[in-house]
Amino acid sequence: MHRYSRHHLLPEVAMHNLEAIDLEEKSRIAEGLALIAVLDERRDYLAASYSSMKRYCMGRLRMSEDKALRRIQVARVALCFPDVFECLADGRLSVSTAAVLAPHLKPETAAELLAASAFRTRYEIVQMLAALEKQGEKVSVND
């Protein structure tokens, strides 16, 4: 039996374990983004001989360019709006959905947008932002 074989687990145990791992993964992603935010803000990547946070993420962490840019964008906005970290940690937002919201979060509307976006797909959030723009809200939709 290889080390990742899980056929011996009862379905209930397998589902429980998967849910626990999923929640831990989301929490670790939020923690990683918090570290990206602080390393980026303090420009700590320079001490590691990288000229930018993007280059650090791609070179040192072996992220794709898209992944690095998306995570840096979300980390930066979460530094301004710490509730984003909480939404990521408990699964209300994914990195992808937080990236869609990032350009639209403003101090006066962040709480409402985060609440309205909880557990929605990227497509649903894009549609919600478009509807808000159509209603005259100060939201610009950038796919």
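Guide: Let's start with the whole chain and then go to one residue.
Guide: This is a predicted model, where local features need pLDDT of at least 70, side-chain atom pairs count only at pLDDT 80 or more, and totals for chains, interfaces and linings use all residues. Residues are numbered from 1 along each chain as its sequence is written, and side-chain values use heavy atoms, leaving out hydrogens and water.

Visitor: What share of the residues is buried?
Guide: Of the 143 residues, 31%. Buried means under 20% relative accessible area, with a 1.4 Å probe and protein chains only.

Visitor: New topic: where does Arg71 lie?
Guide: In helix 3, which covers residues 65-80.

Visitor: Is Arg71 buried or exposed?
Guide: Arg71 is buried, yet has no salt bridge. That bridge would be a side-chain nitrogen of Lys or Arg within 4 Å of a carboxyl oxygen of Asp or Glu.

Visitor: Which side chain of opposite charge is nearest to Arg71, then?
Guide: Glu25, 6.9 Å away. Lys and Arg count as positive, Asp and Glu as negative, while His and the chain ends are not counted.

Visitor: So what does Arg71 touch?
Guide: Leaving out residues up to four places away in sequence, Arg71 touches Ile29, Leu33, Ile36, Met63 and Val95. Contact here means heavy atoms within 4.5 Å.

Note on methods: Helices (H or I, at least four residues) and strands (E, at least two) are DSSP runs, numbered from the N terminus. Buried means under 20% relative accessible area, exposed over 50%, partly exposed in between (1.4 Å probe, protein chains only).
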